[in-house]
Amino acid sequence: MNPTVLLAVVLVCGIELSFARVITANLLVIIVGVVVLVYKHAGWRTYLRLLLVPLLPALGVWFSMAYFAVDHQLHYAWVLATRIYAYSFLGAIFTFSTTVSRTLASLEQNAHLPTTFVYGMLAALNFVPKIRSEVTTIKASAQMRGITLHFWSPQLMFKGILAALKWSESLAEAMTSHGFAENQPRTHYLVIQIPKWNYFAAILTLAIFQIFIFSAWP
Amino acid sequence: MNKTRNNAWHLRDVILLTLVAILTGVLYFGVVFLYNALSVALTPLGLAPFGNDLILGLWTLAAPLAACLLQKIGSATIGEILASAVEAIMGGQWGISTLISGFIQGIGSELGFTFTAYKRYDMVSLSLSALTTTIVTFTWDLFQQGYAAYHLWMIIALFFTRLLSIWLFGALLVHAVVKLLERSHMLRAE
C-alpha cells in the first residue's frame, strides 16, 4: 500500500482511538496488527517487544483508573490499557509495511511535502551514529577535566548544538554544491504512485473502523 | 531582531532541527529507563500518571528550543513535529502515535510565542510557552489518557506536576542553553 495513504489511515485511526471508549475497536486494531506482522514474517523478538514494552504503561494506567477514577470505572481502565496496546500495534502496522526513505519519497511525490523538508530530514538522519559518538566524546572530555555532565546540564546540550550548527551548515552547503535546489521541481528515479485500489482499501478500512467506533459494543 | 525577519525555511534550518531532535533523542534515551523505574515504583500505588507527567518536559523540550534557535513563525510546531518524526523513526515506544502528540505539543508551545508576537525569546515567553504547552497537552490527555475520569484533586495535582516538569526543562534548561549559545555568538544574527 502507498505509504502516504497508509499514514493517513493510521493517523485517522489513531486520533479516533484517542477519543473512543470501545474496547472492541482497540482489539480490532491489535488483531489487524498481528495479522500484518504474521503476513510480513516478523521475528519472534518483534512480538516479544510489542508485548512487553507497552505492558508497564498499560498496567500503570489500569491501576490508576481502578484506584483513583470517580466511581472506579473498571471498563474505562480496560479501554485505556488496551488503547496503549492498540497504539503500539498501529505503529507496528506502519513500520512493517514500509521504510523510512520510501515514506519520505512518497510524502514528497504524493503529498507534495516541500523537498527541503524531505531531503533535509533524509540527510540529517544519516547523522544518528555521528551524534551518538559526539555525545560520548563531549561527556568523556568533560570527565577528563573532572566534570561530570548529567542529562540536565545545559553545557552538554550546548556543546551538542554547537556540533549540530556546524554540521547543518556543512551538509547544506554540500547538498547545494551537488546540485540540490530548494523546492525546485525534481525528476525521480523511483516514481511512487497511488494505485486506485489503495483508495478503495483506505475507505473500506475506515468505514469498517467507524462501525466499531460508533457501535454500542463495549 | 529586525522586523523583516526571514520566515522561509532553508535546507540548513531543516537539517539543524532534525540534528537537534536526534541530539535530544540521544541525550534523553537513558531517561526512558528512569521513567520505567519510576513507573514500576508508582504502579502498585496507582500513581503511574505522575511518573509520566514528571518527565513530560523532556519530550516537549524540542519545541521551545527550535523556537529560540530559528525564531521563525511556526518553528516551535515544525520543530516538535520533526522531533516526534525522529523519535518515531529511531524506534520510540509509540511509533506513529508520537506524530499526533508531537503536533499537539508543538501547537501548545507555539501559542506561548504567538502571545508575545514572536518578538521575545526570553524567560517570559518561554514560561508562557510552558504554560500553554501544559494547558493544551493536558486538555488532550483529559481524553487520550483518560485524565478526565480521575477525582478532581488528582487532576489538579497532575496538572501542576506537568507544569513544573515542562517549565523546568522547556523554560529553565532551554533558557540556560540559549544563553550559552548567545554568549558564544554562534547563533546567526539575521
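**Chains B and A, in brief**

Let's start with charge. Chain B carries 10 positive and 9 negative charges, and the mean positions of the two sets lie 11 Å apart. Keep in mind that this is a predicted model.

Next, the fold of chain B. What does its secondary structure come to? The count is 8 helices and 0 strands. Read from the N terminus, the elements go α-α-α-α-α-α-α-α. Now the dimensions. Along its principal axes, the C-alpha trace of chain B spans about 55 × 30 × 30 Å.

On to contacts. Take the contacts in chain B between residues at least 6 apart in sequence. How many of them join residues at least 24 apart? The figure is 71%.

Now burial and surface. Chain B has 190 residues, and 58% of them count as buried. Buried here means under 20% relative accessible area. The accessible surface of chain B is about 7300 Å². Which atoms does 72% of that surface belong to? Carbon and sulfur.

Last, chain A. Domain 1 is written in two pieces, 3–99 and 192–215. Domain 2 covers 115–177. Look at the numbering: domain 2 falls between the two pieces of domain 1.

Key. Residues numbered from 1 in each chain as written. Chains lettered and ligands numbered in written order. Predicted model: local features only at pLDDT ≥ 70, side-chain atom pairs only at ≥ 80, totals over all residues. Heavy atoms only, no water. Helix = DSSP H or I, 4+ residues; strand = E, 2+ residues; numbered from the N terminus. Buried < 20%, exposed > 50% of the residue type's maximum accessible area, 1.4 Å probe, protein only. Contact = heavy atoms within 4.5 Å. Areas by Shrake-Rupley, 256 points an atom, 1.4 Å probe, with all protein chains shown as cover. Lys, Arg positive; Asp, Glu negative; His and termini not counted. Charge placed at Lys NZ, Arg CZ, Asp CG, Glu CD. Domains from an automatic or database assignment.
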